[in-house]
Amino acid sequence: GTEEGARSWCVQCAVLLCESCTKTHRKFPAMKGHQIVTQESLQASQCVPSSFQRKAFCPKHEDQVLTFYCEPCQTLVCVACTVVDHPRGYYHNPVDVGSISRMKKQVMQNLLRKVQPRATELQIASFDVQMEMFQLPKSTDAATKHATAHFDELIALLQERKEQVVKEIVSRRQEVDKCLQSKKEAIEFELAGLTSASEYCKQALEHGNDVQVIEVEAQVLRRVEELLTSPTDLTYRPREVEFLEGRTVADFRGEVANTGRVYVRDTGEVDASKCRVEVKTAVDGFLNVSLLNTRDKNGRVSVVPEQCVTAVLNHSSGRVVPTQLQEKGKGVWEISYTPELTGNYRLDVKVYGRSVFGSPFKVSVQSRDIPVLTIGRPGQGEGEIG
């Protein structure tokens, strides 16, 4: 049966029995002498200890009390058993239960002394767990509110930036429109001047006499030279307004995926202020590694779930470099990245959403063309070694 359906207790077997098991227990010949105590008796009078005070009878010789203990067989026996089945000799050694009981009591007392501290610890832990269960809805609600406020703020920032960009597009459109209008007026003015001069010249040629042709030629020449001396620039003018993303949706999606982490705080939680990161000079185009050591508040090694560790590497231009996290040992994480540009980067490492000691870290990336090691100096002449 199950513990929920238990109705009785067998003193000899030290097990709880349901009603069906109790009936079966009593039918087996080997269990015929077992003492069965009802659950009601246990709850009402706590009579299990008192049942130990009753005389225990031999299951084989039912009228005989168990007064000896055969050490080689580790079995309780009666006087009749010491004669028939467990006579003293090479294979059997029946001893008075009193001496064995004193030894067993000492063992049990030592056991109790070992158990008691652990039992006290478990009682305290049980109370702590109960309190944590009570606090869980509160922490969940607080985390939900925090996450909601955080993403609402991000959404508000994006909305604000969207409005700024749209407003700037409208403003730039107006600027371009004004510029194009000015350009159009300048072109039309120059074209009108040239057209007017051309028409005046044609009329003089068709209808003017010699004197008029001479006079018109001088006027037209002067006007055309004025227009051609400072012609309108036709090569440069604003054409259209465009929007540049700056950061692609794919890049931003990766950042969004790392924005906000859900974690469960444990009792041996890592202390971010005790964690340490070892950063080395990196080389562009090559895989580079930094090491993170996670520690608790006492400086001891502490294990952290992967989803609770984040590492973000940013170039000074704002470009984000992908990073990889790999647990190399207990409390040791490898942060790998392959920067494509030289210059200064910033490595931001967080554990449980908190920046570790010293974060963000400066990562200097050198060019792969810079020699790692230089020996001597250039030779001074033919056959010379610096």
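Let's start with Leu292: beyond its neighbours within four places in sequence, this residue is in contact with Cys275, Arg276, Val277, Val309, Gly331, Val332, Trp333, Ile335, Val349, Val351 and Val356. The model is a predicted one. Leu292 is also among the residues with the most contacts inside the largest nonpolar core, which has 24 residues.

**The nonpolar cores**

- Alongside Leu292, the residues with the most contacts inside the largest core are Val304, Val349, Val351, Val356 and Val363.
- Strand S10 (309-315), strand S13 (332-337), strand S14 (343-351) and strand S16 (361-366) are the elements that give two or more residues to this core.
- S14 supplies the largest share of the core, with four residues.
- Another core, of five residues, lies apart from this one, and its members include Cys58, Val77, Cys78 and Cys81.

**The four-stranded sheet**

- Here four strands form an open sheet with antiparallel pairing, and their order is S7-S9-S13-S12.
- The edges are taken by strand S7 (276-278) and strand S12 (323-329); each has a single partner strand, so one side of each is left without a neighbour in the sheet.
- From one strand to the next, the twist averages 25 degrees.
- Six bridges pair S12 with S13 in the antiparallel sense.
- You can find Thr323 standing opposite Tyr337 in S13.

- S4 and S6 run antiparallel and are joined by three bridges.
- Tyr69 stands opposite Val95 in S6.

**Backbone features worth a look**

- As background, most residues other than glycine have a negative phi, and most peptide bonds are trans.
- Gln74 is not a glycine, yet its phi is positive, at about 50 degrees.
- This glutamine, Gln74, sits in the loop between strand S4 (68-70) and strand S5 (75-77), and Gln74 is exposed, with a relative accessible area of 60%.
- Tyr352 also has a positive phi, near 55 degrees, and lies in the loop between S14 and S15.
- Is Tyr352 buried or exposed? With 3% relative accessibility, Tyr352 counts as buried.
- The peptide bond from Ser359 to Pro360 is cis, its omega being near 0 degrees.
- Pro360 belongs to the loop between strand S15 (354-355) and S16, and Ser359 is placed in the loop between S15 and S16 as well.

**Around Ser359**

- Ser359 has a relative accessible area of 16% and is buried, because the cut-off for buried is under 20%.
- Which residues does Ser359 touch, not counting those up to four places away in sequence? They are Leu347, Asp348 and Val349.
- A polar atom of the Ser359 side chain lies 3.0 Å from the backbone nitrogen of Val349.

Methods
Residues numbered from 1 in each chain as written. Predicted model: local features only at pLDDT ≥ 70, side-chain atom pairs only at ≥ 80, totals over all residues. Heavy atoms only, no water. Core = buried A, V, L, I, M, F, W, Y, C linked by side-chain atoms within 4.5 Å. Buried < 20%, exposed > 50% of the residue type's maximum accessible area, 1.4 Å probe, protein only. Contact = heavy atoms within 4.5 Å. Pairing = 2+ DSSP bridges. Axes fitted to C-alpha atoms, helices over the stretch in contact; angles between N-to-C directions. Polar contact = N/O pair within 3.5 Å; in protein donor to acceptor, adjacent residues only side chain to side chain.
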